[in-house]
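This report goes through a structure one part at a time. Keep the sequence and the 3D view at hand while reading.

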Amino acid sequence: MIQIKDLNFAYPRQQTLFSNLSMHLEAGSITGLLGKNGAGKTSLLKVITGLLHPKSGVISVLDYNPKKRDVSMLNNIFLVPEDFSFPEISINNYVKAYSPFYPRFDLQLLHRILSDFDLQANSMLQRLSYGQKKKFLIVFALATRCKLLVLDEPTNGLDIPSKSLFRKILAGSLDENQLVIISTHQVKDVENLIDQILILDSGKVIFQHTIQDISQKVSFISGTSDDLNGAIYSEAIPRGYRLMIPNSHSETEVDIELLFNAITKGKKIE
Amino acid sequence: MEPNNLFSIHRIILLTKQSLIINKKLIAISVVGLSGAIFFILMFLQLRSTIIRWDNSDYMTIFNYFFIALGIIYSGLSFPAFRSKERSIDYLLLPASVAEKYIFEILTRIVVFILIFPLLFWVFSNLEGVILHNFVPELINYKFSIWQGLLEILQKKMNIGLIDWWVWLLTIQGVLFLLIAPFTGASHFKKSPLLKTLFTFTIIIVGYAVLTYFLVIVLNTQGYEPKNGKVLFLNVGNNLPSIFAIAITVINLCLMTIAWFRLKEKEV
């Protein structure tokens with residue numbers, strides 16, 4: 001679905017952000033895009049959606065060059081940006097104004113998720129809080145049934161119940177032909193949701209593995225200083241350590257935060 | 001089925017519907033406000049002038065001022081989504097082709113203005129004329145005809161007897177330039193596009209004037225034989241309207257092309 005090869009990108013009059021970046025993503029996955037501040041997560045999402053144009057390299061999204069912003073591609077892409085603005089209209093009118101552009105738009109799904117998120121269809125968008133607006137945008141994105149959904153910091157501004165609801169709704173509203181990319185700093189919010197992790201650092205993709213693959217290779221446990229020997233990576237926590245160790249016994253839940261810190265500090269899981 | 005990636009009337013209709021849903025209040029307020037402004041400004045000016053002498057050419061003068069001022073402001077507000085990053089993202093990712101978005105913007109910012117504003121002015125100036133005539137019978141010429149006004153401008157004020165095709169083209173292209181220049185500026189500049197466009201064209205015109213001054217006055221370049229009062233123009237005899245008509249047509253086409261590429265290559 002997304003193929004990027006030797007992508008180079010720099011903002012005008014700034015240092016190169018992506019240097020020979022390559023990656024490959026297929027449909028049927030929820031991919032977490034992780035990276036430090038300034039690693040270029042949002043910029044990569046903009047390149048993928050055609051909002052920024054690379055200097056060189058090959059990029060193909062749904063078999064289209066995103067730079068051209070072809071209608072057939074735009075029909076199948078929806079971006080939920082971190083910052084957004086809405087016109088001064090109601091949710092109903094917004095749906096009337098924007099949904100006809102998306103051929104697979106599912107009105108029933110929209111109303112179902114609106115009700116799950118406790119949003120009223122006759123509410124004026126400008127009167128909603130930031131979190132409610134974000135929830136509506138996520139609802140609309142899911143209802144478009146686009147093949148590629150790109151969510152930039154989707155849980156920012158959501159309250160605690162909405163975050164778990166977000167995970168539940170997202171997992172339950174997708175089909176195997178869709179790809180979701182979630183860029184986030186709030187890794188706890190997407191645990192148990194994403195099935196693939198992609199880490200961006202120093203202008204390159206330094207890590208891309210499925211959760212299944214990770215949990216087959218490493219385990220995440222809590223231990224004491226006695227367990228530090230043999231750990232691939234460890235971090236002190238109150239009353240002990242969190243450890244990433246080679247998997248020798250059973251699979252454990254992936255601690256994404258620990259994994260991210262380990263990978264960005266040069267540790268390998270192979 | 002693969003949609004047509006270049007142009008679809010269906011998507012132009014969708015863009016129109018979308019614009020009406022989002023902007024219906026703004027459109028209604030603007031039309032009411034503009035109608036009121038035409039009505040009361042005309043009444044004010046007529047009551048302040050020697051009303052018995054008021055005629056079609058006075059209406060035409062007011063019409064021209066309104067048309068130019070509002071046209072520049074309105075087309076300078078083209079591509080409203082480009083004023084913020086968030087709205088630009090929304091606009092650029094909307095599933096419609098560059099051609100559709102571009103044509104829709106031309107239609108709503110230039111074509112609709114050219115068609116609707118004269119109609120609106122004609123309706124409300126005649127309405128105002130009839131009402132004022134009832135109270136002030138000295139207002140004899142209270143009927144306004146845009147067509148007659150245009151013919152007067154072309155025939156009498158330019159003092160050329162018969163209407164020359166080049167003069168027509170020059171007039172049309174000149175009017176279009178006043179709308180296209182701010183349109184292009186709005187596609188290029190993110191903040192305060194109208195001010196920046198006016199500044200840009202001021203710089204170009206001042207630059208042209210300074211260059212011509214040096215060529216003609218300082219360097220005394222051969223080939224320039226400026227007539228009195230026409231120091232900024234080449235001495236081309238009676239071909240002046242045709243040369244200017246061609247030049248301004250080319251400028252307009254270039255400006256339209258720039259606007260197209262600004263939209264096509266827009267990044268956020």
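## Two loop residues of chain A

A:R239 is exposed, with 7 other C-beta atoms within 10 Å. The model is a predicted one. A:R239 lies in the loop of chain A between β11 (233-237) and β12 (240-246). Its phi is near 65°, a positive value in a residue other than glycine.

A:R69 sits in the loop between β4 (56-61) and α2 (71-74) of chain A. Is A:R69 buried or exposed? A:R69 counts as buried, because 24 C-beta neighbours lie inside 10 Å, and 20 or more are needed for that class.

## A residue in strand β1 of chain A

A:Q3 belongs to strand β1 (residues 2-10) of chain A. With 14 other C-beta atoms within 10 Å, A:Q3 is partly exposed.

Leaving aside residues up to four places away in sequence, A:Q3 touches A:H24 and A:S60. In sequence A:Q3 and A:S60 are 57 residues apart, but in space their C-alpha atoms are 5.1 Å apart.

## Helix α6 of chain A

Helix α6 of chain A runs over residues 160-173. Its 14 residues should span 20 Å at 1.5 Å a residue, and the end C-alpha atoms are 20 Å apart, which agrees.

Which residues of α6(A) are buried? They are A:S162, A:F166, A:I169, A:L170 and A:S173.

## Chain B as a whole

Chain B has eight helices and zero strands. Along the sequence, its pattern is α-α-α-α-α-α-α-α.

Of its 268 residues, 22% count as buried. Among contacts in chain B between residues at least 6 apart in sequence, 72% join residues at least 24 apart.

The 20 residues of α2(B) reach 27 Å from the first C-alpha to the last, close to the 28 Å expected at 1.5 Å a residue. Buried in α2(B) are B:Y59, B:F63, B:F66, B:F67, B:G71 and B:S75. Seen down the axis, these buried residues fall within an arc of 120°, so they line one face of the helix. An α-helix has 3.6 residues a turn, so residues three or four places apart point the same way. On the other side of α2(B), B:Y65, B:A69 and B:I73 are exposed.

How do two helices that meet get described? Two packed helices are described by the angle between their axes and the distance between the axes. For α2 (residues 56-75) and α4 (residues 98-135) of chain B, the axes come within 11 Å and cross at roughly 145°. This crossing of α2(B) and α4(B) is right-handed. From α2(B), the residues B:Y59, B:F63, B:F66, B:F67, B:L70, B:G71, B:Y74 and B:S75 take part in the contact. From α4(B), they meet B:R109, B:I110, B:F113, B:F117, B:F121 and B:S125. By class, the contact of α2(B) with α4(B) has ten nonpolar, three polar and one charged residues.

## Helix α8 of chain B

Helix α8 of chain B covers residues 240-264. Its 25 residues should span 36 Å at 1.5 Å a residue, and the distance between the end C-alpha atoms is 36 Å, which agrees.

Buried in α8(B) are B:A245, B:I248, B:L255 and B:A259. The buried residues of α8(B) pack against α6 (165-188) of chain B.

## Where the chains meet

How many residues of chain B are in contact with chain A? The contact involves 19 residues of chain B and 26 residues of chain A. On the side of chain B that touches chain A, α1 (9-48) and α3 (85-92) each supply at least two residues. By class, that side of chain B has eleven nonpolar, four polar and four charged residues.

Notes:
Residues are numbered from 1 along each chain as its sequence is written. Chains are lettered from A and ligands numbered from 1 in the order in which they are written. This is a predicted model: local features need pLDDT of at least 70, side-chain atom pairs count only at pLDDT 80 or more; totals for chains, interfaces and linings use all residues. Axes are lines fitted to C-alpha atoms, for helices over the stretch in contact, and angles run from 0 to 180 degrees between N-to-C directions. Helices (H or I, at least four residues) and strands (E, at least two) are DSSP runs, numbered from the N terminus. A crossing is left-handed if the near helix is turned anticlockwise from the far one by less than a right angle, and right-handed if clockwise. Two residues are in contact if their C-beta atoms, placed from the backbone, lie within 7 Å. Ala, Val, Leu, Ile, Met, Phe, Trp, Tyr, Cys and Pro count as nonpolar, Asp, Glu, Lys and Arg as charged, and the others, Gly among them, as polar. A residue is buried if 20 or more other C-beta atoms lie within 10 Å of its own, exposed if 12 or fewer, and partly exposed in between; C-beta atoms are placed from the backbone. The expected span of a helix is 1.5 Å times one less than its number of residues. The arc is that of the directions from the helix axis to the C-beta atoms.
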